[in-house]
Amino acid sequence: MIRPRVNLRGFAPKQPPKPARRLPKLTHRTVAFAFVGVLAVGALVAVQVFGDPSAAGPRRVVSLQPSTAEANAPRVSFTDAAEEGAEMQTFGIDELPQTGEYGEIDSNGELRVSVVESQAAPNASRPQSPPLPRAPLAGLFENGPNGPLPIVAANGRTPAQAYARPFTPQQGRPKLAIVIGGLGFNATATTQAIDELPAEITLSFVPYTQNLQSWIDRARARGHEVMLELPMEPFDPDADDTGPQTLLASANAQQNVSRLEQLLSRGTGYFGVTNYQGARFATSAQASAPIAQALRRRGLVFISSGIGQRTALSVEAQRAQLPNTAADRIIDARREADAIDDQLLNLEALALQNQSAIGAGFAYPVTMEQVGRWARDVESRGYQLAPASAVLNARAARR
């Protein structure tokens with residue numbers, strides 16, 4: 001092959017090659033700083049293009065839980081409640097606050113408003129319980145002159161059986177029941193008891209309560225079984241106002257049964273009744289017998305509290321074959337947290353000894369707070385939290 005001739009005229013002499021530029025040495029630290037820088041720049045660009053991703057959510061959540069009432073708050077007059085009940089409610093049940101709004105001014109001077117759901121902090125994680133059937137159930141009531149009255153169904157099923165909370169006992173675990181009473185007058189306290197206390201806690205309502213059926217429906221919807229309080233004559237009527245339908249030791253059978261039916265017709269869905277006051281009434285066998293017999297005919301049960309374990313009323317209840325028992329302790333005779341805790345521990349000791357125990361308390365804020373705390377871990381100590389109806393049935397089965 002003939003190689004072409006190349007004219008080298010005009011070409012500069014060939015220069016020696018320059019040494020290659022050396023890159024800086026990379027380390028793990030250098031790479032990390034570079035990566036963080038890229039992320040920061042990317043986030044800034046994203047906010048500028050798409051906006052602040054947190055702007056759509058609540059800036060803060062404000063609790064709507066009312067402040068705790070003082071222990072020495074004024075007492076409610078049952079007579080005034082019965083005659084002027086509309087004034088006793090701060091607001092109706094349908095007006096209870098469920099949500100709240102919180103506003104704040106942002107850095108641009110614009111008002112941001114966030115709507116948040118009101119939740120009670122102490123028991124926000126309370127497990128939901130299946131609702132109990134809405135009352136009244138077919139065949140378990142009759143129309144009375146003042147409203148529905150409980151009756152035994154044609155198949156023999158009683159309101160006590162139908163309206164009690166279902167319960168499955170755990171072998172070897174003592175049963176502990178708590179009844180919280182005085183509900184209905186104070187909307188805040190009643191809402192707290194229904195929504196925050198465990199569903200196994202039995203709730204007891206004052207019959208003079210306005211919107212009583214609505215409260216009972218709401219309690220049963222949250223899984224609570226319900227009792228109705230019967231005002232009974234105390235030893236000192238001037239000191240303890242029990243209202244116009246009080247069952248009296250001095251009244252005849254017809255008068256007391258008529259008052260009983262007026263009280264029972266105020267609502268429906270309760271499995272039994274308990275007493276409000278009644279120290280004097282419970283001493284009269286003549287007055288107690290017709291009431292015990294009427295309750296037995298209507299398929300109810302009776303759980304007494306604060307009037308003694310062995311009274312003329314309890315004797316007449318046994319004679320009438322009315323299922324009955326008594327609370328073992330009033331847990332808030334002293335409205336102090338430590339005293340209530342002591343009574344709850346006493347209940348545990350009684351349950352170990354007798355296989356079951358019932359405590360009764362009032363809807364004081366301190367009572368519900370301590371009961372709620374106690375109930376959260378009582379089963380971890382080997383007990384079973386039970387509705388009051390289950391303890392009554394267990395005691396009846398051992399007799």
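A salt bridge is a side-chain nitrogen of Lys or Arg within 4 Å of a carboxyl oxygen of Asp or Glu. Arg-373 and Glu-369 form such a pair, with their closest N and O atoms 2.7 Å apart. The structure is a predicted model, in which local features need pLDDT of at least 70 and side-chain atom pairs count only at pLDDT 80 or more, while totals for chains, interfaces and linings use all residues. Residues are numbered from 1 along each chain as its sequence is written, and side-chain values use heavy atoms, with hydrogens and water left out. A search of the whole structure finds 13 salt bridges; the points below describe some of the charged residues.

- Arg-373 and Glu-369 both lie in helix H10, four residues apart, which is about one turn of the helix. Helices (H or I, at least four residues) and strands (E, at least two) are DSSP runs, numbered from the N terminus.
- Arg-373 is partly exposed at a relative accessible area of 47%, and Glu-369 is also partly exposed, at 23%. Buried means under 20% relative accessible area, exposed over 50%, and partly exposed in between (1.4 Å probe, protein chains only).

**Salt bridges between separate elements**

- Arg-381 and Glu-348 form a salt bridge in which the closest N and O atoms are 2.5 Å apart. Arg-381 lies in the loop between helix H10 (365-377) and strand E13 (384-385), and Glu-348 lies in helix H9 (residues 337-354), so the pair ties together parts that are 33 residues apart in sequence.
- Arg-381 is partly exposed at 38% relative accessibility, whereas Glu-348 is buried at 6%.
- Glu-261 and Arg-298 meet through their side chains in a salt bridge of 3.4 Å, N to O. This pair links distant parts of the chain, 37 residues apart: Glu-261 is in helix H6 (residues 253-264), and Arg-298 is in the loop between helix H7 (285-297) and strand E9 (301-304).
- Glu-261 is partly exposed at 27% relative accessibility, whereas Arg-298 is buried at 12%.
- Glu-142 joins Glu-261 and Arg-298 in a network of salt bridges.

**Surroundings of Glu-316**

- Glu-316 belongs to helix H8 (residues 312-319) and is buried, with a relative accessible area of 9%.
- The side chains of Glu-316 and Arg-319 are joined by a polar contact of 3.2 Å. A polar contact is a pair of N or O atoms within 3.5 Å; within protein, one must be able to donate a hydrogen and the other to accept it, and residues adjacent in sequence count only if both atoms are side-chain atoms.
- Apart from neighbours within four places in sequence, Glu-316 is in contact (heavy atoms within 4.5 Å) with Ala-285, Ser-288, Ala-289 and Ala-292.
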